[in-house]
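Dear colleague,

Please find below the structure that I am handing over to you.

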Amino acid sequence: MSAEISAAATVVIVRDGAEGIETLLLRRHSQLKVSGGHWVFPGGRIDPEDYAEDRDEAQASRVAGVRETQEESGLVLNPESLLLLSHWTTPPSMGRRFATWFYLATVGQDVPEVIVDGEEMDAFCWASPNTFLEQHRHGELALLPPTVVTLEELHRCASVAAAQCFYRDRPAPFITPQITKHDDRVCMLYAGDAGYEARDPLSPGAKNRCYLEAGVWRYECSAD
């Protein structure tokens, strides 16, 4: 029997920096049972009160994303300003499963100082998407696959305006990964990959997948 799926929301906060787009990551306390020690975007479970006023899950996820962001970072966002960028469901083979709505939020350079509570989140960092990806590639910080894929997308955006344009024009994908092995590496396949339906990473054609290599996730995406 697969684990129960909890609804959750995550907010990808971006701003324009001196050298291009920057985003905010928070580090989860190493003692936490779920993703302890990983660097993540602010977010968490959708609570029952988030469904008040007859909100459906999509509406409640915006409320939850704003609430969790304020609890974890001290930043206050407007739920109506959030732009849906993706939705990720944890694969059945994972112990704890989440169906997570990912939203984009923008802030200016005058954004208030981030304040973490020291219990759930114990550190924060503003940096370019590529800086985080490079640190992950060198084993300097732990990232989860949805974070890696989102950072790879943001890395292709030169500015906040470009990111907003990209996500407005692209239909938000609902992603349910398929996990398999390829050359003794964990391979996580996403829809659009030629091997997705058959869970066969050797299928010729388009690639949309992550590989786990020595504790580091590497995203690979190509048309053919």
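**Helix packing and the neighbouring sheet**

Helices α2 and α3 lie oblique to each other. Please note that the model is a predicted one. The axes of α2 (residues 129-137) and α3 (residues 145-155) come within 8 Å and cross at roughly 135 degrees; an angle over 145 would have counted as roughly antiparallel. The crossing of α2 past α3 is left-handed.

On the α2 side, the contact is made by Pro129, Asn130, Phe132, Leu133, His136 and Arg137. Helix α3 contributes Val148, Leu151, Glu152, Leu154 and His155. Sorted by class, this contact of α2 with α3 comprises six nonpolar, three polar and two charged residues.

I would also draw your attention to an open sheet of four strands, arranged in the order β9-β10-β11-β12 with antiparallel pairing. Its edge strands, β9 (178-182) and β12 (216-222), each pair on one side only. Ignoring direction, neighbouring strands of this sheet are turned against each other by 30 degrees on average.

Within the sheet, β10 (residues 185-189) and β11 (residues 207-213) pair in the antiparallel sense over four bridges. Leu189 has Arg209 in β11 as its bridge partner. Helix α3 packs on the sheet, where α3 touches β10, β11 and β12. The direction of α3 makes about 50 degrees with that of β12.

With kind regards

Notes. Residues numbered from 1 in each chain as written. Predicted model: local features only at pLDDT ≥ 70, side-chain atom pairs only at ≥ 80, totals over all residues. Heavy atoms only, no water. Axes fitted to C-alpha atoms, helices over the stretch in contact; angles between N-to-C directions. Helix = DSSP H or I, 4+ residues; strand = E, 2+ residues; numbered from the N terminus. Parallel < 35°, antiparallel > 145°, perpendicular 65-115°, else oblique. Left-handed = near helix turned anticlockwise from the far one by under 90°. Contact = heavy atoms within 4.5 Å. Nonpolar A, V, L, I, M, F, W, Y, C, P; charged D, E, K, R; others polar. Pairing = 2+ DSSP bridges.
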